[in-house]
Amino acid sequence: MTTPAGPSTVPSRVVVVGGGPGGYEAALVAAHLGASVTVVDSDGLGGAAVLTDCVPSKALISTADYMAQFDKAADLGVALVDDDGDEIADSSAELGAINRRILRLARAQSADIEGRLKEVGIAVVHGRGRLAGPGTVEVLDERIDPVEPVEGAPADATDAAPARTLQADVVLLATGATPRTMATAEPDGERILTWQQVYALSELPEHVVVVGSGVTGAELAEAYLGLGAKVTLVSSRERVLPGEDPDAAQLIEDVFRGRGMEVLSRSRMSSVVRDCDRVLVTLEDGRTIEASHAILAVGSVPRTADLGLEDVGVATSPSGHITVDRVSRTTVRGVYAAGDCTGVLPLASVAAMQGRIAMAHALGDAVAPIDLRVVSANIFTDPEIATVGVSQKDVDEGTVEAEVAVLPLPRNPRAKMLGIREGFVKLFCQPNSGTVLGGVVVAPRASELIYPVTLAVQHRLNVDQMASTFTVYPSLSGSIAEAARQLHPTRD
Ligand SMILES: Cc1cc2nc3c(=O)[nH]c(=O)nc-3n(C[C@H](O)[C@H](O)[C@H](O)COP(=O)(O)OP(=O)(O)OC[C@H]3O[C@@H](n4cnc5c(N)ncnc54)[C@H](O)[C@@H]3O)c2cc1C
């Protein structure tokens, strides 16, 4: 459903505070719709998504995935030998080189985004934005000659300009979030690390304790395990990945343990302290784990503290997230917000969608309010877990009535050829009508395989339409069609 936007006169000046996916995607839409756009960003275009979170973590995982291929070589009949014909026992990760590649790649992506914005006439200001009124953004700590921070150079090594003020008809706040830290586990950037600090490591940790078994903790724990480190995962819950599909989470936990990761369930961290070249992680039950490094993945907090929100009357939740409606409006007319600073759903794809919707609404274009039921999400473990639509929890709790089909992936012929030993496809559909309501794919590259299920959920296709669509033989997507076939409504 699309609805016309609110304002009757089209505003012409847009200021976006924050250049991550929530901000830069919005800026591109606003420029396309004819507005004069300025993006104010403090840390680099692309935001945390590109510079420290999403892109670097997925690049690290790509290397771990690549190394995992060597482990499969013998299964597929391949012997790895050196120039003398001697069998190579193992591959080894050179973390310094891996991290340099990751940081280079992230900076290149950031520069590409900045270039793209400038290409379409968007002004980019490197500094900290703050609301000084509903249509006024103050720029603090502006750097005239920013970009390309040189490794090792102090952050303030560029020329500073005096503070200035930008006037706007529409302001979009997209300032993101930052890792949550605790007084009892202060990161030191060397051995006690947030997920944003790990790319400064030049050598593979001998033993890393990852605190937190949500998506970030699980992804990083597996990446370092794949790279060859000893890994202990501290999980405060019964199972890793709480909140995810229970079958998928159990499978991943079994895979973790099977590959040698120590998973401490129902174990809450109480402190992490440094002792020379060791760290001591103490749990609430008194146990202590000694390791070389600790990575903290205990949630994030919105970057909204210094934005002048209270002065202007922009409402926030007790957690500090900016309150928005489904078209990204805040409580102040003309001020919109998108992305992790709103706490709607911490995904780059959702941030970008919120930003685009905000601009479409503000600038009088047709707009559909955001629909979180059709968001597809992926956890980049090995195998990956991709989900869309209703969940097993919805079905188990009776919130949604659904038929369920689960198909183990190892039965699929392509999976056998590829040496895939774990994974499944799960589909949910409405009883009688067979309308596809959701799905879970646990497989290598599940992030690519979930797309047909997302299309089906978003466009309310039924299982027969999915089942009667050709899939390539042999292919992993054949299992998605097969699961749909199993859900063909039968006459009782
Ligand atoms: C380890 C990790 C991995 C992730 N992987 C994925 C993934 O694979 N897929 C996915 O969809 N999501 C992923 N996410 C989530 C994703 O990174 C976030 O949802 C996304 O970054 C949110 O975008 P954003 O624009 O709201 O904020 P950000 O990307 O954080 O960008 C905010 C920008 O605002 C700037 N800023 C802040 N305050 C100010 C200010 N006062 N003035 C000017 N500028 C300011 C910052 O410098 C930053 O550039 C991951 C998150 C983490 C932690």
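## Getting started

Helices (DSSP runs of H or I, at least four residues) and strands (DSSP runs of E, at least two) are numbered from the N terminus. Keep in mind that this is a predicted model: local features need pLDDT of at least 70, side-chain atom pairs count only at pLDDT 80 or more, and totals for chains, interfaces and linings use all residues. Residues are numbered from 1 along each chain as its sequence is written, and side-chain values use heavy atoms, with hydrogens and water left out.

Let's begin with the loop between helix H7 (309-312) and strand S17 (335-337), where you'll find Ser328. Its phi is near 75 degrees, which is positive even though Ser328 isn't a glycine. Most residues other than glycine have a negative phi, and most peptide bonds are trans. Ser328 counts as buried because its relative accessibility is 1% (buried is under 20% relative accessible area, exposed is over 50%, and partly exposed is in between, with a 1.4 Å probe and protein chains only).

Arg460 also has a positive phi, near 50 degrees. Look for Arg460 in the loop between helix H12 (451-458) and H13; at 54% relative accessibility, Arg460 is exposed.

Then there are the cis peptide bonds. One runs from Asp382 to Pro383, with omega near 0 degrees, and Pro383 sits in the loop between strand S18 (377-379) and strand S19 (384-389). Another joins Tyr473 and Pro474, with omega about -10 degrees. Pro474 belongs to the loop between helix H13 (463-467) and helix H14 (477-486).

## Salt bridges

A salt bridge here is a side-chain nitrogen of Lys or Arg within 4 Å of a carboxyl oxygen of Asp or Glu. By this rule, the count is 26. One of them pairs Glu219 with Lys58, whose closest N and O atoms are 2.7 Å apart. Glu219 is in helix H5 (residues 215-227) and Lys58 in helix H3, so this pair ties together parts that are 161 residues apart in sequence. Both Glu219 and Lys58 are buried.

Arg266 and Glu238 also meet in a salt bridge, at 2.9 Å from N to O. Arg266 is in the loop between strand S11 (262-264) and strand S12 (269-275), and Glu238 in the loop between strand S10 (230-234) and helix H6 (246-258), so the pair connects parts 28 residues apart in sequence. Arg266 is exposed at 56% relative accessibility, and Glu238 is exposed at 52%. Elsewhere, a network of salt bridges links Asp188, Glu190 and Arg274.

## An aromatic pair

Searching the whole structure turns up one aromatic pair (ring centres of Phe, Tyr or Trp, the last by its six-membered ring, within 6.5 Å; planes under 30 degrees apart are stacked, over 60 edge-to-face, and the rest tilted). The partners are Tyr66 and Phe70, edge-to-face at 5.7 Å centre to centre, with 85 degrees between the planes. Tyr66 and Phe70 are about one helical turn apart because they are four residues apart in helix H3. Tyr66 is exposed at 57% relative accessibility, while Phe70 is partly exposed at 34%.

## A buried lysine

Lys426 is part of strand S21 (residues 424-429). With 1% relative accessibility, Lys426 counts as buried. Val327 is 99 residues away from Lys426 along the chain, and their C-alpha atoms are 32 Å apart.
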